[in-house]
Amino acid sequence: MITLGWIVVILLFVVGMVGAIYPILPGVLAIYAAFFIYGWLITWEHFGLWFWLIQTLIVIIIIVADYAVSALGVKKFGGSKPAIVGSTIGLIIGPFVIPAFGIILGPFIGAVVGELIAGTSWQNAIRAGIGSVLGFFASSVVKIVLQLAMIIIFFLWIF
């Protein structure tokens, strides 16, 4: 059971890290689930109140920061609420519609369309689109750093 437990934990860590960039995968939740798998299949002995408080706080920060940092990127480049909504929709739909480049083009096109629907000029719509892509990249960096912190804390806690 221990070997199976470690295989599943490591797979969930990998899925989690890939999910930091590819939003279709459940990134942070996969990493959080790995802790439960470790407990169920190996041992709960290492996990106390502080472990769960720290990890849960990081999960909440990642979820809030994911949206906030992306929205900030759009706002910083002059985008409005429709651009933020369009960017979010594009981020979710983009990878399915344009498999190879949808992860980048989706938020860009979504923000541009959102701005154009709001009546903004092409120039400002393009700026909002660029902001959405930069926001996506910044959000991905934040998620990668915090998710790596979760994994490092896990290993420090159990060894």
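Modeller: Helices (H or I, at least four residues) and strands (E, at least two) are taken as DSSP runs and numbered from the N terminus. Residues are numbered from 1 along each chain as its sequence is written, and the model is a predicted one, in which local features need pLDDT of at least 70 and side-chain atom pairs count only at pLDDT 80 or more, while totals for chains, interfaces and linings use all residues. Side-chain values use heavy atoms, with hydrogens and water left out.

Biologist: How many helices and strands does the chain have?

Modeller: The chain has six helices and zero strands, and along the sequence the pattern reads α-α-α-α-α-α. The C-alpha trace spans about 60 × 30 × 15 Å along its principal axes.

Biologist: How much of the chain is made up of buried residues?

Modeller: Of the 159 residues in the chain, 40% are buried, where buried means under 20% relative accessible area, exposed means over 50%, and partly exposed lies in between (1.4 Å probe, protein chains only). As for contacts, meaning heavy atoms within 4.5 Å, residues 24 or more positions apart account for 65% of those in the chain with a separation of 6 or more.

Biologist: Is leucine 156 buried or exposed?

Modeller: Leucine 156, which is found in helix α6, counts as exposed because its relative accessibility is 63%. Its C-alpha atom is separated by 27 Å from that of proline 23, which is 133 residues apart from leucine 156 along the chain.

Biologist: Changing topic, which side chains meet in a salt bridge?

Modeller: Those of aspartate 66 and lysine 143 do, at 3.5 Å from N to O; a salt bridge here is a side-chain nitrogen of Lys or Arg within 4 Å of a carboxyl oxygen of Asp or Glu. By this rule the count comes to one salt bridge. The pair links distant parts of the chain, since aspartate 66 sits in helix α3 (residues 49-76) and lysine 143 in helix α6 (residues 122-158), 77 residues apart.

Biologist: And is lysine 143 buried or exposed?

Modeller: Lysine 143 is buried, because its relative accessible area is 8%, whereas aspartate 66 counts as partly exposed because its relative accessibility is 27%.

Biologist: Which residues lie nearest the centre of the largest pocket?

Modeller: Aspartate 66 and lysine 143 turn up again there, along with Pro23, Tyr67 and Leu91, among the 24 residues that line the largest pocket. The elements that give two or more residues to its lining are α2, α3, α4 (81-97) and α6, and α3 gives the most, with seven residues.

Biologist: What counts as a pocket?

Modeller: On a 1 Å grid over the protein atoms alone, a pocket is an open set of points where a 1.4 Å probe fits, with protein on both sides within 12 Å along at least five of seven lines, and lining residues have an atom within 4 Å of a point. About 430 Å³ of space lies in the largest pocket, the volume being the space filled by probe spheres set on the points, which are joined across faces, edges and corners.

Biologist: What about the largest nonpolar core, and which members touch the most others?

Modeller: A nonpolar core is a set of buried Ala, Val, Leu, Ile, Met, Phe, Trp, Tyr and Cys residues joined through side-chain atoms within 4.5 Å. The largest one has 20 residues, of which Val9, Phe13, Ile31, Phe35, Phe47, Met150 and Phe154 touch the most other members. The elements giving two or more residues to this core are α1 (2-19), α2 (27-41), α3 and α6, with the largest share, seven residues, coming from α2.

Biologist: Which residues is isoleucine 31 in contact with?

Modeller: Leaving aside neighbours within four places in sequence, isoleucine 31 is in contact with Leu12, Phe13, Gly16, Met17, Gln147, Met150 and Ile151.

Biologist: Where does tryptophan 44 lie?

Modeller: Tryptophan 44 lies in the loop between α2 and α3, and it counts as partly exposed because its relative accessibility is 36%. Not counting residues up to four places away in sequence, tryptophan 44 touches Phe35, Phe36, Gly39 and Trp52.
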